[in-house]
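Thanks for coming. I will go through one model today, starting with the whole chain and then moving to the sheet and the helices.

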Amino acid sequence: MMYQYAGKPVLPIWMSDMEFLAVVATDDEQATSPVVYISETAEISLRYTNLTAMMLTLAESYESGGLFIGRKGYIEKDEKKYAAAYRKYNSGITDLALERFLKIFPEDFSWQTVELLYNDLYMSNSYGIEIPLNSLKTKVVNTLLNLLQDEKYDSGFSVVLVLEELRAVDALIQGLQHPSKWVRSRAAFALGKIKAFEAVEFVSQLLEDPDPMVQEAVKEALEMFRNQR
């Protein structure tokens with residue numbers, strides 16, 4: 001099976017059972033070719049900014065105890081130490097994900113393209129890599145907001161998930177007024193999850209939403225606001 005990342009072929013560099021790491025094998029990206037992870041279910045996401053970053057991350061993790069051989073002979077991970085090494089050498093991975101989205105989106109605006117960005121951002125956020133407020137982020141948020149407002153696009157829920165990872169508060173507030181109950185409920189929940197206290201008033205207004213599912217999501221969001229103060 002030929003795997004691709006964002007429409008580009010990949011070259012496997014490490015394999016274990018049905019999952020493996022690969023680099024994006026295209027001539028115009030050889031200088032900074034990212035390393036991607038492909039799971040057993042063929043889900044693909046960014047893993048390291050490039051091969052050098054991968055080797056430095058692994059080397060420092062082994063030296064610091066972030067990665068070690070456990071009692072049963074398997075490689076184990078100290079999440080905190082590994083994350084520290086990962087952030088040190090892969091701080092630009094979010095920009096890489098945003099750049100790729102903007103590059104491929106005009107040609108492929110399917111839900112798979114949005115989901116690919118979500119997977120990449122979720123991974124980088126899990127290691128505590130902050131997404132800087134720059135022109136790339138602004139362009140992606142505006143693109144997603146336009147997509148959310150497009151009545152022909154029926155995967156608004158996926159868009160909201162990405163906006164949540166981007167901490168795009170203003171865009172999520174606009175999502176509270178979306179025709180879809182799924183979008184409204186997730187937008188409300190997301191605002192509570194990311195501690196967007198400036199949105200409490202807007203979320204509270206949906207307590208009177210005609211859909212019970214939205215009302216429940218709003219209650220959960222307000223509870224998260226209370227617990228986070």
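**Overall picture**

In this predicted model, residues 24 or more positions apart account for 51% of the contacts in the protein with a separation of 6 or more, where contact means heavy atoms within 4.5 Å. Of the 229 residues, 47% count as buried. Buried here is under 20% relative accessible area, exposed is over 50%, and partly exposed is in between, with a 1.4 Å probe and protein chains only. The C-alpha atoms fill a box of roughly 55 × 40 × 35 Å along the principal axes. The accessible surface comes to about 12900 Å², and 53% of that belongs to carbon and sulfur atoms; the areas come from the Shrake-Rupley method with a 1.4 Å probe, and for residues only the protein chains shown count as cover.

A word on conventions. Residues are numbered from 1 along each chain as its sequence is written, and side-chain values use heavy atoms, with hydrogens and water left out. Since the model is predicted, local features need pLDDT of at least 70 and side-chain atom pairs count only at pLDDT 80 or more, while totals for chains, interfaces and linings use all residues.

**The sheet**

The secondary structure comes to 10 helices and 7 strands. These are DSSP runs numbered from the N terminus, helices being H or I with at least four residues and strands E with at least two. Five strands form an open sheet in the order β1-β2-β3-β4-β5, with antiparallel pairing. β1 (4-5) and β5 (44-48) are at the edges with a single partner strand each, so one side of each has no neighbour in the sheet. Two strands pair if DSSP finds at least two bridges between them.

Now β4, residues 35-38. This strand pairs with β5 in the antiparallel sense over 4 bridges, and β3 and β4 also pair in the antiparallel sense over 4 bridges. Y37 has L21 opposite it on the β3 side, and its bridge partner in β5 is S45. V36 stands opposite L46 in β5. Which way do the side chains of β4 point? V35 and Y37 point one way, V36 and I38 the other, and all are buried. In the β4 and β5 hairpin, with 5 residues between the strands, A42 takes a positive phi near 70 degrees.

**The helices**

Helix α1 (residues 51-64) lies across β2, β3, β4 and β5, at about 65 degrees to β5. Helix α3 (residues 93-104) lies across β1, β3 and β5, at about 145 degrees to β5. Axes are lines fitted to C-alpha atoms, for helices over the stretch in contact, and angles run from 0 to 180 degrees between N-to-C directions.

S61 lies in α1 and is buried, with a relative accessible area of 0%. Leaving aside neighbours within four places in sequence, S61 is in contact with G66, L67, Y82 and A85.
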